[in-house]
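The points below are grouped by topic.

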Amino acid sequence: MAPPNTEKLQSELTHRQSSSAIKFERDYLPPNFTIKELRQTIPPHCFERDTLKSFGYTIKDLAIVGALAYAATFIDSHLPLALRYIAWPTYWFFCGAFATGIWVIAHECGHQAFSPSKKINNTVGFILHSALLVPYHSWRISHSKHHKHTGHVDKDQVFVPKTRSLLSLPLKDVDTPQMNHSVLEDTPFITLINLIGQQLLGWPLYLIFNCSGQVYDGRWANHFNPNSPIFDPKNFTDIIISDIGIIIGLSAIFYFSYIYSFITVVKYYLIPYFIVNHWLVLITYLQHTDPKLPHYRENQWNFVRGAVCTVDRHIGFLDSIFHRITSTHVAHHLFSTMPHYHAEEATIHIKKVLGHYYIFDDTPIFEALWRSFASCKFIEDEGDIIFYKN
């Protein structure tokens, strides 16, 4: 028996997938719920912010990170070499995971969800984020703009889809879907290298160069310059304060490198820091980048449509460590001042109203990451409701 023609089978599969995607895009009807309708379905207590409860979560995470760091001081002095190769990665993994939970709490402070007190929110958020080398107010301001314009092609602030023309791709006839598939197809090896680069460097590149953010007519947009086009003149002082926080954080790194050695700082702080960056990029990328998610231009966008333009996912036991930011993100985008410890209950009620507009994906997280990275390359320059293509 002759072997199957794999190239032909793949071509046919590609054609069917592309045809299905385009039909879905043409037939898609955007939701028309109001924020009031959705809010009325949620019990009022879900919107209550408890300062002591929020501090409880914060202290727990800080205590665990502290305990892990203390335990790590015994690795080199008490364990044989073979066990050190297990103990250090274990420390890095769990320290990075719980530090990500601390990052999420600081993120809640930026949304004023930690406490009814703005002063407490900003003080706690500034300290926690500065310790993780995040410019608190700078990020708070740009992240607020992201929430206000999620899913808006021209106004969203992060993971903004690139258009066909921006990537200088040839024009294609939308009625011949087989010609649209895999325009930017790379070898799996190149895709993997690019994906690793995104996971390791995506966060600092976003802060410094606004990578994946809006394009500002050639102007350098970043989170450290108070005159950056991301910000308004009224934000000047907050950006300077954020920069001071980063300077203090970097100074602490240099100080401890001088006292204990740079390699010690690498083992105890910098590797967990990069793991935090990895989880941060993975979580936010998969929340807003998926073949099923629409993006809108001005004529079709509104706040609710943008807010539900995100995906809830489970990430195993890490979901709890990350304060369920992965599995309750739709609720978070609809009501960003709601504390994380109420978002799971709110999600149950929101799902009933949203119906099929509520998107939950239980694909294993790294499989989902690969799928989105390989499939979500660009959007078309035309259309008011558009989906990713590759």
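The largest cavity in this predicted model is lined by Val104, Glu108, His323, Ile325, Thr328, Ala331, His332, Phe335, Met338, Pro339, His340 and Ala343. The space in this largest cavity amounts to about 80 Å³. In total, the structure holds 3 cavities of 30 Å³ or more.

**Largest cavity**

- Three helices each supply at least two residues of the lining of the largest cavity: H5 (81–110), H13 (329–334) and H14 (340–354).
- The lining of the largest cavity comprises 7 nonpolar, 4 polar and 1 charged residues.

**Second largest cavity**

- The second largest cavity contains about 40 Å³ of space.
- Its lining is formed by Leu282, Ile283, Leu286, Gln287, Val311, Arg313, Thr326 and Ile365.
- With 4 residues, helix H10 (residues 262–288) gives the most to the lining of the second largest cavity.
- Sorted by class, the lining of the second largest cavity has 5 nonpolar, 2 polar and 1 charged residues.

**Nonpolar cores**

- In soluble globular proteins, nonpolar side chains tend to be buried together.
- The largest nonpolar core has 48 residues, and those with the most contacts inside it are Trp103, Trp203, Trp279, Leu282 and Phe322.
- Two or more residues of this core come from each of the helices H3 (51–72), H5, H6 (118–131), H7 (136–148), H8 (188–209), H10, H12 (318–321) and H15 (365–375).
- Helix H5 gives the most to this core, with 14 residues.
- Leaving aside neighbours within four places in sequence, Trp203 is in contact with Trp103, Val134, Trp139, Asn277, Leu280 and Val281.
- Another core, of 23 residues, lies apart from the largest one; Tyr296, Trp301, Ala346 and Phe387 are among its residues.

**Asn210**

- Asn210 is found in the loop between H8 and helix H9 (236–260).
- Asn210 counts as buried because its relative accessible area is 5%, against a cut-off of under 20%.
- The side chain of Asn210 reaches the backbone oxygen of Gln214 at 3.0 Å.
- Not counting residues up to four places away in sequence, Asn210 touches Gln157, Leu205, Tyr216, Ala221, His223 and Ile230.

Notes. Residues are numbered from 1 along each chain as its sequence is written. This is a predicted model: local features need pLDDT of at least 70, side-chain atom pairs count only at pLDDT 80 or more; totals for chains, interfaces and linings use all residues. Side-chain values use heavy atoms; hydrogens and water are left out. On a 1 Å grid over the protein atoms alone, a cavity is a set of points where a 1.4 Å probe fits but cannot get out, and a pocket is an open set with protein on both sides within 12 Å along at least five of seven lines; lining residues have an atom within 4 Å of a point. Grid points are joined across faces, edges and corners, and a volume is the space filled by probe spheres set on the points. Ala, Val, Leu, Ile, Met, Phe, Trp, Tyr, Cys and Pro count as nonpolar, Asp, Glu, Lys and Arg as charged, and the others, Gly among them, as polar. A nonpolar core is a set of buried Ala, Val, Leu, Ile, Met, Phe, Trp, Tyr and Cys residues joined through side-chain atoms within 4.5 Å. Buried means under 20% relative accessible area, exposed over 50%, partly exposed in between (1.4 Å probe, protein chains only). Contact means heavy atoms within 4.5 Å. A polar contact is a pair of N or O atoms within 3.5 Å; within protein, one must be able to donate a hydrogen and the other to accept it, and residues adjacent in sequence count only if both atoms are side-chain atoms.
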